[in-house]
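Here's a quick briefing on the model shown below.

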Amino acid sequence: MGINSEKDIEANLQIGPTSLGMVRMFIEATGGIEIPMDFEPEEAEEIAEELRAAAAQARKIK
């Protein structure tokens with residue numbers, strides 16, 4: 001499975017701060033799968049930059 005492979009899986013994504021000063025991305029997928037991922041604020045900002053860069057590249061493809 002690669003980043004360009006499509007899958008027929010539904011998932012919900014929640015993003016928010018934790019009480020410990022971390023940023024949590026919480027993914028809940030079909031079949032009861034739950035994936036909590038905690039990041040330091042600086043790491044979360046790096047992820048946000050990567051998302052923005054990927055969105056800009058995707059716009060060029062369309």
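**Around M22**

M22 touches G16, P17, D38, F39 and E40, leaving aside residues up to four places away in sequence (contact means heavy atoms within 4.5 Å). Bear in mind that this is a predicted model, where local features need pLDDT of at least 70, side-chain atom pairs count only at pLDDT 80 or more, and totals for chains, interfaces and linings use all residues. Residues are numbered from 1 along each chain as its sequence is written, and side-chain values use heavy atoms, with hydrogens and water left out.

- M22 sits in the loop between β1 (11–17) and β2 (23–29); strands (E, at least two residues) and helices (H or I, at least four) are DSSP runs, numbered from the N terminus.
- From M22 to E42 it's 20 residues in sequence and 9.6 Å in space, C-alpha to C-alpha.

**The salt bridge**

- How many salt bridges does the structure hold? There is 1, counting a side-chain nitrogen of Lys or Arg within 4 Å of a carboxyl oxygen of Asp or Glu.
- R24 pairs up with D38 in a salt bridge, and their closest N and O atoms are 2.5 Å apart.
- R24 lies in strand β2 and D38 in strand β3 (residues 33–39), so the pair ties together parts that are 14 residues apart in sequence.
- R24 is partly exposed, at 34% relative accessible area, and D38 is partly exposed too, at 35% (buried is under 20%, exposed over 50%, partly exposed in between, with a 1.4 Å probe and protein chains only).

**Negative charge on the surface**

- E40, E42, E43, E45, E46, E49 and E50 gather in a surface patch of negative charge; patch members have over 30% relative accessible area and no salt bridge, and like charges are joined within 9 Å.
- One of these, E45, belongs to helix α1 (residues 41–61) and is exposed, with a relative accessible area of 52%.

- I9 is placed in the segment before β1 and is exposed, at 57% relative accessible area.
- I9 touches A29 and T30, again not counting residues up to four places away in sequence.
- The C-alpha atoms of I9 and A53 are separated by 25 Å, with the two residues 44 apart along the chain.

Technical notes:
Patch = residues over 30% accessible without salt bridge, like charges linked within 9 Å, V, L, I, M, F, W, Y side chains within 5 Å. Areas by Shrake-Rupley, 256 points an atom, 1.4 Å probe, with all protein chains shown as cover. Lys, Arg positive; Asp, Glu negative; His and termini not counted. Charge placed at Lys NZ, Arg CZ, Asp CG, Glu CD.
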